[in-house]
Amino acid sequence: MNVTATLFGQMLTFAVLVAFVWRFLWGPMTHMLAERSRRIADGLAAAEKGRHDLERAQRRAVELLRETRQQASEILAQAEKRANEIIDEAKSHAKHEAEGILSAARSEIVRETNAAREQLRVSVAQLAVAAAGRILEEEIDADAHAKMLGAVVRQI
Amino acid sequence: MPATNNPVEYIEHHLTNLQVGHGFWSIHLDTLIFSWLLGAVLVLISWRVGRKLSPDAPSGLQNLLEAILEFVDNQIKSTFPGYSPLIGPLAFTVFTWVFLMNAMDLLPIDLLPKVASLLGIPHLRVVPTTDPYTTLGMALTVFALTIYYNFRVRGPLNYLKSFLVHPFGIWLFPINIVMTVIEELAKPLSLGLRLFGNMFAGELVFMLIALLPWWAQWLPGGAWSIFHILVITLQSFIFMVLTIMYLAMAHTNDEGAH
């Protein structure tokens, strides 16, 4: 076998093929495969993260619900307490007012009684004077006997 | 009926390349044309698949090429130290191109030469890898690359030093030079001749089978064809692995230095 153009032709063909495969297949394809595996890894990581987030959100939701329930029951208890307070307040207020009205009424009664008594006293005195005048059939000087009359009135 | 009444002539005819020119310019047209055609197949497929790669829904040829690429890449990763942008495309091309050229062996041995003779072409050898010019051409290209990388990675001085001190130490340097030169030259020679030898022998057996009477051909012919599916794959694989190995050795520093 000699060194011939065929040998160099085949060497050149080989070199051209390698260059072509490099440029048009190996290069783009390795790039694509690397990109694909990166995307798969990213996707898996994102899925994992999503699952994690969901778990956390679920925990958070449960926590919130629990907190809200507690708050609601607290508010309810407070409202009940406040209602009781208001009722108590109203009761005591009403009692107080009733007492006031009662005492006012009482003092009015006393006053009215006193006034009636006074009027009665005056009427009795006049009646007594009139009766006495009738009996004596003479005028009695009211002024002269006022002192005695006053004592009589007080005795009644 | 046997293919011919003159077996020696038949075999000689089948082992003669379609040749033009003399001396250095003697050109094996059939070898060149068939290797170019198969190279064109490779180029066309690479171009068509590589032009519109679909990362999400790969189909058909892209799947096949991806599988081959990852197979080749795994071979490289398990053998090759460090990183070289060339080694991948080189190994891929070796594997696919050699496989395609070897696969021509599976065509019926007389089919294309018969068609050619009807067209007035006297000789035609359709398996480029049965021509040592193809296999040695590839092996020498690989050899040139190993020398280039030896110079680039280890430095010319270190590389030349390895001729002096390897394998027996500096005091036996004349023997070392002879040994290392033989060792280095044996690499491309064995690389090229292994493929050539296997394919040549395979083709020869096909010719011998073709010389049998027609009713006796199916059994040995079928068996040898099936066996040859393994051989052509294995030989292209071996050529690729050795290519990677030789380049890997060129990328490794001297045994004493690291």
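Does Q78(A) count as buried or exposed, and what is its relative accessibility? In this predicted model, Q78(A) counts as exposed because its relative accessibility is 56%, and the cut-off for that class is over 50%. The briefing then turns to the interface of chain B and chain A.

**Q78(A) and its helix**
- Q78(A) belongs to helix α1 of chain A, which spans residues 5-136.
- Between the C-alpha atoms of Q78(A) and A34(A), which stand 44 residues apart along the chain, the separation is 64 Å.

**Extent of the interface**
- On the chain B side 48 residues are in contact with chain A, and on the chain A side 28 residues take part.
- The two chains bury about 3400 Å² between them, with carbon and sulfur atoms giving 79% of that area.
- Within chain B, the residues that lose the most area to chain A are F24(B), L69(B) and Y133(B), which together account for 20% of what that side buries.

**Polar and charged pairs**
- Two salt bridges are found across the interface of chain B and chain A by the rule applied.
- R36(A) is paired with E66(B) in a salt bridge, where the closest N and O atoms are 3.0 Å apart.

**Make-up of the chain B side**
- The elements of chain B that each give two or more residues to the side touching chain A are β2 (27-28), α2 (29-51), α3 (61-79), α4 (87-103) and α6 (132-154).
- Helix α2(B) provides the largest share of that side, namely eleven residues.
- Sorted by class, the side of chain B that touches chain A holds 29 nonpolar, 15 polar and four charged residues.

Terms used
Residues are numbered from 1 along each chain as its sequence is written. Chains are lettered from A and ligands numbered from 1 in the order in which they are written. This is a predicted model: local features need pLDDT of at least 70, side-chain atom pairs count only at pLDDT 80 or more; totals for chains, interfaces and linings use all residues. Side-chain values use heavy atoms; hydrogens and water are left out. Contact means heavy atoms within 4.5 Å. Buried area is the accessible area (1.4 Å probe) that two parts lose on being put together, summed over both. A salt bridge is a side-chain nitrogen of Lys or Arg within 4 Å of a carboxyl oxygen of Asp or Glu. Helices (H or I, at least four residues) and strands (E, at least two) are DSSP runs, numbered from the N terminus. Ala, Val, Leu, Ile, Met, Phe, Trp, Tyr, Cys and Pro count as nonpolar, Asp, Glu, Lys and Arg as charged, and the others, Gly among them, as polar. Buried means under 20% relative accessible area, exposed over 50%, partly exposed in between (1.4 Å probe, protein chains only).
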